Amino acid sequence: MDLAHSRADEAFRAEARAWLDAHVPAVPLPSLETAEGFAAHRAWEAELAADRWSVVSWPEEYGGRAADVVRWLVFEEEYWSAGAPGRVSQNGISLLAPTLFDHGTAEQRARVLPSMATGEVVWAQAWSEPEAGSDLASLTSRAVRTDGGWLLRGQKTWSSRAAFADRAFGLFRSEPDTPKPHQGLTYLMFDLRAPGVTVRPIGRLDGKPAFAELFLDDVFVPDTDVIGEPGAGWRVAMATAGNERGLTLRSPGRFLAAADRLVGLWRDRADPSDTALRDRVADAVIGARAYQLFTYAHASRFLDGESVGPESSLNKVFWSEYDIALHETALDLLGPAGEQADTEWSEGFVFSLAGPIYAGTNEIQRDIIAERLLGLPKGRR
Amino acid sequence: MRFLLDTEQRAFAASLDAMLSSADTPTVVRAWASGDHGPGRAVWSKLADAGVFALAAPEAYEGVGPLPVGIAVAFVELGRHAVPGPLAETVAGAALLAALGEEGPAERLLPAIVSGKSMTTLVLPGGGPFALDGDVADLHLTVHGTGAAAELRGSSRAAAGPTGLPRTSLDPARRLALPSSGGERLAGGPQVADAAARALDWARLATAAQALGVGQALLDRTVGHVRRRTQFGVPIGSFQAVKHRLADARIALEFARPLLFGAALSMTPADVAAAKVTACEAAWTTARSALQLHGAIGYTAEYDLSLWLTKARALRTAWGTPAECRAEVLRGLSGAGPRS
């Protein structure tokens, strides 16, 4: 049992830190959920990519550094500690790219990944529908066979980043009337500016268009944009849901850096006699450390060749609730000023409130923990 | 970087688990609570033979340590089986004597702790008012004072004399004696204060590990119960309200575990305090869910669940309250506290 990093990993850390010190914008970029901020974050992706820092865990041929999961964790610790911007390409990098590595063709990887790495193409996810949320497999948007490809027909919603993104990926029903709802689904990529696509941005709690509805009216998608076999989309989408992705959706580095900032706020602002707030600051410090060590333990298992499956549900509930508690503590430390919409904590607070809802609600995650880790019987949801 | 127990450490845990499973610890705990210490002493000897106490002592004093990771591994199992006795106190007492080195009383006292002959209770500044199981411990170690005025006194059970009636704990297997005021002066001065601070960390680490094991046992027993117990024609474990409480317990325990082993690797006061508060809160959260999901049977003394339920509550404030541990975590950060 050993928490010390190898010399090679420490050298990598030093290289990342030096680059970030020289490049991280001195003034935070505008919110990436605005047109201006989206453009600024896209430019930052290009700057990262120019020196091969945008996708360190990818193979070198696609712009990465072939970093294993421990080295990726080291990078993330440095990235967030340096105060670097949020990642506008996160959906593509953490959801679509792992699927392409496992189930895509060489042609798809060569075509999609380099422009994802530079931010030239930003990807949105298109999973949910008005009547298919937690019960995603009940989705009804269709992919109808046509010459050389498919016509997409239906409605997607809560599509993160879609207001400003270029392309999207999601599941569509290609075979109606299958015995089970998760059969007959196909995983497709499509252009958000293609004829037949209407994007209606949706304002999140603070009004910023962080997600969108997508209306699809016979949108043509060529066969080359199907990932995996037609009809096998559910398996393709779920294959990466519980594995490395579960470890890498939210990196510990992000929360370690946030806890550091919170301690700074506590020192600057706190009433030393307020032990209730002091305890909450301590819990934020402890929680970030717990999440870091939990992730290192699972990364070690992963490197040993073990699969990390339903354990990623533990991780998702933990970080999403932790993130809210941390930001609530920050707002309470700010006192009445915490109500303002433009403090350095406001954006993170609003973002954190969505955490227990997206990427599988925490209720679904608790069902998975109970049924697959604890062995409790299935029941009505 | 390989933050996993190795094969040998896992085998050690499995062998302790097997040994304690066959020892029928619930019966041992009930005997201990009623003042019959024989069965508990027999388990104590087996733990010594398995090398548990040797982990806290250096080779110079017939130990194999100090190996805090091994202590953490062992104490998770001790908690899972609700083993009674001054376990954390004995290990921390060994660490205290070891820290005092050759000049101190280690050579005289440590080998008997390692061999299991000397069950030890311990009172330290900052560690709570009671000498756990003082009516049965063979060796009483007490540190008074701080800094240059710190001194370590020790006495045998016979010499410690009556320390007043032992107070009963919410955990009937914990017998709370008042520390003896007399005893032989074994050492004094700032090195005693330093050694006591280190011993406090060992006691906290061992308690954290024990609490994690207690929480695991509570979760395992409750999962078994809700799978078997049928109401409305289905196992109650199929209901979401039940599932989600147990999922939350599992999350709390799973995130306490890496803090425990991280603390065992670093042994810094802040890391140990973080592990202590997190493991104990996780165990107590799990205890509340265990009680609720068992229903009325869980609220009885005769049902074995009570042995873990009450221990979870007692460990929460033993060797560092939640507030003390959280304060220690913040003291461990570089830089000062609030300015205003």
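Contact here means heavy atoms within 4.5 Å. With that in hand, here are some close-ups of a predicted model.

**View 1. Where chain A meets chain B.** Let's start with the two chains side by side: 50 residues of chain A are in contact with 46 residues of chain B. Together the chains bury about 4300 Å², and carbon and sulfur atoms account for 67% of that area. On the chain A side, look for A:Met1, A:Arg267 and A:Leu374: this trio supplies 20% of the area that chain A buries against chain B, more than any other three residues.

**View 2. A salt bridge between the chains, A:Glu371 with B:Lys243.** Zoom in on this pair and you'll find the closest N and O atoms 2.6 Å apart. Across the interface of chain A and chain B, four salt bridges turn up in total.

**View 3. Helices H4 and H5 of chain A, packed together.** H4(A) covers residues 90–103 and H5(A) covers residues 106–118. Their axes come within 11 Å and cross at roughly 160°. Angles over 145 degrees count as roughly antiparallel, so that's the label for H4(A) and H5(A). The crossing of H4(A) past H5(A) is left-handed.

**View 4. The side of H4(A) that meets H5(A), residue by residue.** From H4(A) come A:Gly92, A:Ile93, A:Leu96, A:Ala97, A:Leu100 and A:Phe101. Meeting them from H5(A) are A:Gln108, A:Arg109, A:Val112, A:Leu113 and A:Met116. Sort the residues of this contact by type and you get eight nonpolar, two polar and one charged.

Methods. Residues numbered from 1 in each chain as written. Chains lettered and ligands numbered in written order. Predicted model: local features only at pLDDT ≥ 70, side-chain atom pairs only at ≥ 80, totals over all residues. Heavy atoms only, no water. Axes fitted to C-alpha atoms, helices over the stretch in contact; angles between N-to-C directions. Helix = DSSP H or I, 4+ residues; strand = E, 2+ residues; numbered from the N terminus. Parallel < 35°, antiparallel > 145°, perpendicular 65-115°, else oblique. Left-handed = near helix turned anticlockwise from the far one by under 90°. Nonpolar A, V, L, I, M, F, W, Y, C, P; charged D, E, K, R; others polar. Buried area = accessible area lost by both parts, 1.4 Å probe. Salt bridge = Lys/Arg side-chain N within 4 Å of Asp/Glu carboxyl O.
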